[in-house]
Amino acid sequence: MIAKSFKWIALGASCLTAPALADPMALLDRHGSRVAVEPYAPNIVRVTIALDPDLASAAPGEGPNAKADATGWTHRSDASGEIFSSAALTLTVDAQPWPKAPTQMERYFAPSLPPVSLSVQDASGNVLAKMTGWEMAPVTVNGEKTFKVGASFDSPADEHYYGLGQNQEGHMDLRGQQIDCQHHYDAPAGETVCVPFMVTNKGYGIVWDNPARTLIQPGLHSSTHWQSQVGERVSFFVITGKTIDELYAGYAKLTGETPLPPKAGFGLIQSKARYESQQELLDIANGYRQRNLPLDVMVLDWFYWTRMGQMDIDRSYFPDPKGMNDQLNAMGMRSIISVWPRYERESRYFEFLKAKGWFLHDKDGLPVDGLPMRFDRAGALIDSTNPEAREWFWGKIRDNIASQGFDWFWLDETEPDLVPDGYFYAKGSGDRYHNLFPLVHTTGVAEGSERDRPGFRNMILARAAYLGSQRNGGLFWSSDVKSTWEALHRQIPAGLNFTASGLAYWGSDIGGWQWPKGPKAENPILVDPAGATAMGADYPDYPELFVRWFQYSVFTPTLRIHGQRPGTALWEYGKAAEPILADWLRLRYTLMPYIYALGRHTYDTGAPFMRGLFMDFPNDPKVSDIGDQYMFGPAFLVAPVTVQGQTKRPVYLPAGAAWYDYWTDQRFEGGQTIEVDTPINRIPLFVKAGSIVPMGVQVKSTAEKQALESIRVYPGANARFTLYDDDGTTNAYRKGGVKADLVWNDAAKSLTSKTKLPTGQAIAGLVQVVGQ
């Protein structure tokens, strides 16, 4: 058994030089099945399987953007197969004996592919994952002769699965489900979004490298099966880690880091479908200031233009957009404007884009125009798989819209809404690249903004994502969900699995997007709807729903009110709701020093800060399928209320820690379920013992310099928290910013920092030790 470097390719008994395209690589022959092994880091390895050696050797598709790196890896052979090892993992591609003569039954059910199996072990030799087989089934898709391609993995009974983008079926642990990994606006429970990255509780994750619609059955009948509907090879990455956050660090290394959003992106974002005039938008902004309510961003949604695709601003209703934005800036606010990727035939750019061939098109090259299944005839889709079309699109945004003082852009319909199946992009079949659009579409704006506004921090509001979309500065949301209690309940596991997919910034339209309509309330209504103008008289419990949705959203990465209703601002839900909502909004801003530091930590590590309980309590089996509670950073356990009229709810406190009720400071031991009172002004909120929570003074927006009001310490264990601040708007954070490592010594009951606080304040006088 001789260790070998990766400057050679093992092909049966012979060795060939690796293709420059994917060097270093080992290419193995398993009786005609070609298996490529390509390390990217000590804990990241890519496996590609195909019948064609050129396909097996080819680079990965869009999404992963790292370069292969075999530093520290070795390769040896023994009777068990080809063994590739690093300090973090060992990959063994099993030897395959020469096939024996088939039995009579095997002659009838003969497999079409030479078998391939492999296993991944950690540094201690524990088997993490075992691929048992692969498949290629010939199909014709969109006129193209191709294959369904897939692979199967063993699934132990105690393995649990998370991630795979956004699915609103209500499941946390995906074990035993079938996940239809595709962008699908019209999915029955709410839009699905495909991010084919799945993590497990066994110390590994899989990045599936295929942008076609993919079916995944995690842990079904003791097997996990992946099958993409279009492809000619199987390609996937395995990422291993001793902790869940090491998996996210690996994902960030492979697909790109998560930028730190502008600080305004962590504050309240106020939107409506839609503000019909400049005056209406400014009146809402002024309404927040007159009521002394904090607000950071006003959003101008669709149909501010004269026609879909004009990429202009209708001056009849928005006579001075630059002046409007100047007024917002003077109030300490910023703006986001919606930009759609569609172009009506009558719009000024349609013929130009058609002549260029820059639309999604049919087999005859004609633009696909509208969605007849939803009676939507408004426009053709720009083909953002074409780099020239992306560059043109950003140029029009820059010249026609950003020039009017708008700060950031809402790229709606990033699924895209014009489903590409059966049609063609410049890159190829819409079926083959079904899930790619949100990555390439946001890439054009992110790269353009970086080039043309280098001193201004980018942020994009986007409705769908794919592998690597986080690197474009996206804030993602759960699409146009219904305004019902059921929809609210489904948001929690949907959001947790989305962030478990390596994309940290997720939220929902607070209150739901669809016109407020729901079943009759079955319990006493907890919020008097008197004075509410946000809904009709037939939905009297809607203010209660909005309050509960808002309370939950204060503890999500983004806080954005939006919806198709008469009014959306905080005072439009009635006199009883307004003071409750105001208190929760102020709590969000009180916690801004804590939340912004969490954003910095995500930039540094890749780890999300809205976290399923499985991430932080891997030794507690009871948390594996809890989808209605989660951690918000290292300190807060959040248990939203999602049932109408509910005044008590059970909360499970994970084992391995003690917990403080945030509202009462009462301490509880972990590993138990308690019943918690949930009056309408509270949801269950607990803080883990051994937490440091910096809290700020009230500000009108994040544009104000925010001093610390206190630094709360929840004793019971040693703690560390890195406080962070910067200017909030430029890209200078990439070079540092100001940090202070706060350290709590539980035995000594002391909080120290070796450096000054970012605010310049002294620690003395700020520290509040809970329970003392």
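1. A salt bridge here is a side-chain nitrogen of Lys or Arg within 4 Å of a carboxyl oxygen of Asp or Glu. By that criterion, Lys705 and Asp725 are joined through their side chains at 3.5 Å, N to O. Lys705 sits in the loop between β38 (691-696) and β39 (708-714), while Asp725 belongs to strand β40 (residues 719-725), so the pair links distant parts of the chain, 20 residues apart. Helices (H or I, at least four residues) and strands (E, at least two) are DSSP runs, numbered from the N terminus.

2. A word on the model before going further: this is a predicted model, in which local features need pLDDT of at least 70 and side-chain atom pairs count only at pLDDT 80 or more, whereas totals for chains, interfaces and linings use all residues. Residues are numbered from 1 along each chain as its sequence is written, and side-chain values use heavy atoms, with hydrogens and water left out.

3. Buried means under 20% relative accessible area, exposed over 50%, and partly exposed in between (1.4 Å probe, protein chains only). Lys705 counts as exposed because its relative accessibility is 61%. Asp725, at 10%, counts as buried.

4. Arg213 and Asp180 meet through their side chains at 2.7 Å, N to O. This pair also links distant parts of the chain: Arg213 is in the loop between β15 (204-208) and β16 (214-220), Asp180 is in strand β13 (residues 179-181), and 33 residues separate them. Both partners are partly exposed, Arg213 with 33% relative accessibility and Asp180 with a relative accessible area of 23%.

5. Glu669 and Arg667 form another salt bridge, with an N to O distance of 3.7 Å between their side chains. Glu669 is partly exposed at 48% relative accessibility, and Arg667 is partly exposed at 40%.

6. Now the helix packing. Two packed helices are described by the angle between their axes and the distance between the axes. Axes are lines fitted to C-alpha atoms, for helices over the stretch in contact, and angles run from 0 to 180 degrees between N-to-C directions. Helix α10 (residues 542-553) packs on helix α11 (residues 577-590) at about 5 degrees, with 10 Å between the axes. That angle makes α10 roughly parallel to α11 (angles under 35 degrees count as roughly parallel, over 145 as roughly antiparallel, 65 to 115 as roughly perpendicular and the rest as oblique).

7. Which residues make the contact between α10 and α11? From α10 come Phe546, Val547, Phe550, Gln551 and Ser553, and from α11 come Ala577, Ile580, Leu581, Trp584, Leu585 and Arg588; contact means heavy atoms within 4.5 Å. By class, the contact of α10 with α11 has 8 nonpolar, 2 polar and 1 charged residues. For these classes, Ala, Val, Leu, Ile, Met, Phe, Trp, Tyr, Cys and Pro count as nonpolar, Asp, Glu, Lys and Arg as charged, and the others, Gly among them, as polar.

8. Helix α4 (residues 278-290) and helix α5 (residues 321-330) pack at an angle of about 0 degrees, their axes lying 11 Å apart. α4 is therefore roughly parallel to α5. Gln278, Leu281, Leu282 and Ala285 of α4 meet Pro321, Met324, Gln327 and Leu328 of α5. The residues of this contact divide into 6 nonpolar, 2 polar and no charged.

9. Ser508 is worth a click. This serine lies in the loop between β28 (506-507) and α10 and is buried, with a relative accessible area of 4%. A polar contact of 3.0 Å joins the side chains of Ser508 and Trp549 (a pair of N or O atoms within 3.5 Å; within protein, one must be able to donate a hydrogen and the other to accept it, and residues adjacent in sequence count only if both atoms are side-chain atoms). Leaving aside neighbours within four places in sequence, the residues in contact with Ser508 include Trp477, Gln491, Tyr552 and Arg560.

10. Val770, in the segment after β43 (767-769), is buried at 7% relative accessibility. Val770 and Gln666 are 104 residues apart in sequence and 9.5 Å apart in space, C-alpha to C-alpha. Beyond its neighbours within four places in sequence, Val770 is in contact with Tyr660, Asp665, Val713, Tyr714 and Pro715.
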